[in-house]
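Work through the exercises below with the sequence and the model at hand. Each task is followed by a solution in steps.

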Amino acid sequence: AWGQLNIRAVRTIAVEHWLGQLMRRNGSPMAASTKAKIRNLMSVLFNHAIRHEWLEQGKNPILLVRQSAKRQKIPEYLEAKELRVLLSQLDRCFRVMVFLDATTGLRRSELLALKWEDIDFDRQEINVRRSIYLNVVGNCKTEASRKPVPMDPVLATELRAWKQLSRFKQPGDWVFASPRTQGKHPYWPDSLLSHVIRPAVARTGIRKHIGWHTFRHSFCSLLMANEENVKVVQELMRHANCRSTLDIYSQARNEAKRAAQHRLIEMICPV
């Protein structure tokens, strides 16, 4: 968008307008947090130019660009009973896929990039070695993302059973290989949402807008509802620090909030 423009011709309002028009590849508006990261990166680039004296001091037009990182809406998450009902509506492959996602908190790009060689049944660990987006294989999001994920025996049993049924079970095969591509690529995530997962959600009567990140949010929120140690939750989420775990991903359930309020009232007004 800006590559052919002279660096001195970039204007604050033009950048604001451009950020406001940014869309995802699927046609939906880009998240405010993503646009804020793009704005911050542009500011770093202009500071780099100033440092090397390609621009004069104080000539960074991005410093005045207004771009909020605030969420437009609170993300949905599923209760344990809702996850249980949803799983009952899915065929074997997709049931294992959603179960794995909801019990490990893997990102969509990490989940679909898993190969059988990444599943260590002996050590009961899942090694997150790569991510995939638009069928392009790349690195994981952060260094913390590459930490092994523990695999509960129940989850290991489900994965073993799926491996026996799958046509693609060699070490280098995708765990969730798409039969339509003869196993050369994993399933397409947007297609799975549209044709498999959301129709299954509709059959359950759950009135929530479900995306892939819903399962990651559910994983974190349910762990926090179980009063697990925050540091443990951070490690399971593979966050670099606890702030993301607490501020972004975990949501207190109404029952937990009411219980906390009731405990406080009992302290003030003892029976």
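**Exercise 1.** Determine which helix the buried residues of H2 pack against, and where they sit around the axis of H2.

Solution. In this predicted model, the packing partner of the buried residues of H2 is helix H1 (12-21). Start with the extent of H2: residues 32-51 make 20 residues, and the distance from the first C-alpha to the last is 29 Å, close to the expected 28 Å. Next, apply the cut-off of under 20% relative accessible area for buried. The buried residues in H2 are Ala 32, Lys 35, Ala 36, Arg 39, Met 42, Ser 43, Phe 46, Ala 49 and Ile 50. These residues lie on the same side of H2 because they cover an arc of only 135° around the axis. In general, an α-helix has 3.6 residues a turn, so residues three or four places apart point the same way. Finally, check the other side of H2, where Lys 37, Leu 41, Val 44, Leu 45 and Arg 51 are exposed.

**Exercise 2.** Find the residue just after H2 that takes a positive phi.

Solution. Step past the end of H2 to Glu 53, whose phi is about 65°.

**Exercise 3.** Describe the largest cavity by volume, lining and residue class.

Solution. The volume is about 100 Å³. The lining includes Arg 108, Ser 109, Leu 112, Tyr 133 and Trp 188. Helix H5 (108-111) and strand S3 (131-133) each give at least two residues to this lining. Sorted by class, the lining of the largest cavity has 8 nonpolar, 2 polar and 1 charged residues.

How values were computed
Residues are numbered from 1 along each chain as its sequence is written. This is a predicted model: local features need pLDDT of at least 70, side-chain atom pairs count only at pLDDT 80 or more; totals for chains, interfaces and linings use all residues. Side-chain values use heavy atoms; hydrogens and water are left out. On a 1 Å grid over the protein atoms alone, a cavity is a set of points where a 1.4 Å probe fits but cannot get out, and a pocket is an open set with protein on both sides within 12 Å along at least five of seven lines; lining residues have an atom within 4 Å of a point. Grid points are joined across faces, edges and corners, and a volume is the space filled by probe spheres set on the points. Helices (H or I, at least four residues) and strands (E, at least two) are DSSP runs, numbered from the N terminus. Ala, Val, Leu, Ile, Met, Phe, Trp, Tyr, Cys and Pro count as nonpolar, Asp, Glu, Lys and Arg as charged, and the others, Gly among them, as polar. The expected span of a helix is 1.5 Å times one less than its number of residues. Buried means under 20% relative accessible area, exposed over 50%, partly exposed in between (1.4 Å probe, protein chains only). The arc is that of the directions from the helix axis to the C-beta atoms. Contact means heavy atoms within 4.5 Å.
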